[in-house]
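Take a look at the fold before reading on.

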Amino acid sequence: MFATPEEAEHAFYDSLHQADTIRLMEVWSDDEEVVCVHPGGIRVIGSDSVRNSWQQILANGPLLIQPTRPMIMTSLMSSVHVLIEQVTIHSPEGKQVANCYTTNVYHKGPSGWRMVLHHASNAPDDVGMFDLQDIPGTLH
């Protein structure tokens, strides 16, 4: 279905923007060993649980997420994408942007590249001011 991990990632974010759970789950592997961690949420394991978590989130409407500054590491059968998501939120106070650090992992199988992990966590508001290499060698 997806010839490259980048195609799968594009479809992932496009389906969030369209609030299309069916298309979103086409990006995910059918395997029960898939994992999703939403910002501030619990670890969700398995296709059915992942689908249910996204259905709950997208019931509120589309997610306006702009993936930025990807760092991609690809091997023969897997691809790890570490990026920053800029999430636009419309609230009574007006439009706000929140940032998330995100890791997306894709595996190549008989039906092409599919997502097996999406892990997003809150990032500082000023994360866009820094390069990913700003603090090399710093551990935890």
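Two strands count as paired here if DSSP finds at least two bridges between them. By that rule, strand S3 (residues 64-74) and strand S4 (residues 78-91) pair up in the antiparallel sense, with 9 bridges. Keep in mind that this is a predicted model.

Stepping back, you've got 3 helices and 6 strands to work with. Going along the sequence, the order is α-α-β-β-α-β-β-β-β.

Now back to the strands. S3 and S4 make a hairpin with 3 residues between them, and Met71 sits opposite Val82 in S4. S4 is also antiparallel to strand S5 (residues 94-109), joined to it by 14 bridges. That's a hairpin too, with 2 residues between S4 and S5. Within this pairing, Ser79 has Tyr106 in S5 as its bridge partner.

| Strand pair | Sense | Bridges |
|---|---|---|
| S3 and S4 | antiparallel | 9 bridges |
| S4 and S5 | antiparallel | 14 bridges |

What about overall dimensions? The radius of gyration is 15 Å, which agrees with the value near 14 Å that a compact globule of 140 residues would have. The C-alpha atoms fill a box of roughly 40 × 40 × 25 Å along the principal axes.

Among contacts with a separation of 6 or more, 47% come from residues 24 or more positions apart.

Notes. Residues are numbered from 1 along each chain as its sequence is written. This is a predicted model: local features need pLDDT of at least 70, side-chain atom pairs count only at pLDDT 80 or more; totals for chains, interfaces and linings use all residues. Side-chain values use heavy atoms; hydrogens and water are left out. Helices (H or I, at least four residues) and strands (E, at least two) are DSSP runs, numbered from the N terminus. The radius of gyration is taken over C-alpha atoms; the globule rule is 2.2 Å times the number of residues to the power 0.38. Contact means heavy atoms within 4.5 Å.
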